[in-house]
Amino acid sequence: MKTVFKRTPVLKDCPTHYCPGCGHGIAHRLLAEVIEELDIQDRTIGIAPVGCAVLAYNYLDVDMIEVAHGRAPAVATGMKRTNPDHIVFSYQGDGDLAAIGTAEILHAAHRAEQLTVIFINNAVFGMTGGQMAPTTMLGQVTATTLGGRHATGEGYPLQVSEILALLPGTTYVERCALSSAPRIKQAKKAIKHAFQLQMDGAPGLSLVEILSPCPTYWRLAPAKAMAWIEEQMTTAFPIARLKG
Amino acid sequence: MAGKIVIDTERCKGCGLCVSVCPKKVIIISRESNRSGYFPAQTDDIGCIACGHCAIVCPDGAIEVYQGEVDHIQIVATSTKRNAPQLIEEKA
């Protein structure tokens with residue numbers, strides 16, 4: 001009998017605290033599978049964010065550190081410079097990377113730090129109750145935009161990946177989604193490529209943005225949240241290999 | 001070649017993503033809850049083709065997928081509910 005799919009041991013054997021249907025669980029698993037396939041478990045350092053994934057170190061069996069809100073690229077910079085033979089990645093949500101951590105990610109990319117950044121974009125602040133994030137879609141109803149987000153009052157969705165792709169300090173920027181099995185496979189390929197670049201010593205930052213469902217604060221059933229990514233989110237955040 | 005999936009019902013949160021992606025519609029949501037209070041996915045495997053889509057979309061890593069001859073499938077399923085591994089043997 002052939003094993004088609006089995007959970008990787010890099011993902012610890014404990015249930016996650018995430019809501020049913022949350023994309024973080026899928027993203028964690030993809031990361032763990034990539035770390036196992038590249039055989040870098042003993043020399044990988046992860047930086048956990050503030051946000052729903054704050055407890056990522058409980059689930060990924062690699063060395064991890066939890067840092068202040070948005071400061072993951074700054075800490076990752078120090079980690080990588082003092083441990084150049086290690087593979088350093090930060091795992092950040094959109095509230096962490098695109099709001100309070102904008103300066104850190106921009107300057108880490110600007111300095112061409114050899115880091116891998118996994119950017120989980122679910123268009124809301126999930127941990128604090130579903131408030132509007134910079135990445136919230138126009139017209140999207142959140143806890144702080146009850147009539148939907150309007151460009152006149154609240155601005156436009158912030159496309160961080162497009163901004164970072166313009167900088168000479170980034171080597172690879174790709175936007176993926178977790179909305180279907182083929183998309184998830186593509187996201188895994190992108191994560192693997194980003195890690196591979198860092199292992200090969202590519203001179204710059206590699207970033208993978210992942211459009212991820214938040215069924216709880218989108219007020220949608222998990223399967224409908226996946227469809228919403230495909231129908232709505234990809235219009236403002238087109239799935240594409242933006243650089244590299 | 002028939003497929004078989006093993007669902008860890010204690011890890012499963014019953015989000016139903018596996019149910020929505022299964023091309024053969026062989027997964028359903030159970031009527032009985034697990035210890036966490038979720039209604040987990042369950043299957044009888046009849047018609048499973050081991051495509052693995054359910055495992056790929058599962059946010060909780062609760063699904064394992066196997067492929068083999070139906071009359072020789074033998075799987076050790078572990079669950080947090082029980083202390084010792086439980087042996088499930090199937091004969092066609």
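Predicted model: local features only at pLDDT ≥ 70, side-chain atom pairs only at ≥ 80, totals over all residues.
Residues are numbered from 1 along each chain as its sequence is written, chains are lettered from A and ligands numbered from 1 in the order in which they are written, and side-chain values use heavy atoms, with hydrogens and water left out.

**Strands within chain A**

- Strand β4 of chain A spans residues 87-93 and is mostly covered, with seven of its seven residues buried; helices (H or I, at least four residues) and strands (E, at least two) are DSSP runs, numbered from the N terminus.
- Strand β2(A), residues 44-48, runs parallel to β4(A) and is joined to it by four bridges, two strands being paired if DSSP finds at least two bridges between them; here Ile45(A) stands opposite Val88(A).
- Strand β5(A), residues 116-121, also pairs with β4(A) in the parallel sense, over five bridges, and in this pairing Val117(A) is the bridge partner of Ser90(A).

**Extent of the interface**

- In chain B, 24 residues are in contact with 27 residues of chain A, contact meaning heavy atoms within 4.5 Å.
- The area buried between the two chains is about 2,200 Å², with carbon and sulfur atoms giving 61% of it; buried area is the accessible area (1.4 Å probe) that two parts lose on being put together, summed over both.
- Of the area that chain B buries against chain A, Arg11(B), Lys13(B) and Ile56(B) supply 27%, more than any other three residues.

**Pairings across the interface**

- Strand β1(A), residues 2-5, pairs with β4(B) in the antiparallel sense over three bridges, and Lys2(A) has Gln67(B) as its bridge partner.
- Two salt bridges are counted between chain B and chain A, each a side-chain nitrogen of Lys or Arg within 4 Å of a carboxyl oxygen of Asp or Glu.
- The side chains of Glu64(B) and Lys6(A) meet in a salt bridge, at 3.7 Å from N to O.
- The elements of chain B that give two or more residues to the side touching chain A are α1 (17-21), α2 (53-57), β4 (63-68) and β5 (74-77), and β4(B) provides the largest share, six residues.

Technical notes
Buried < 20%, exposed > 50% of the residue type's maximum accessible area, 1.4 Å probe, protein only.
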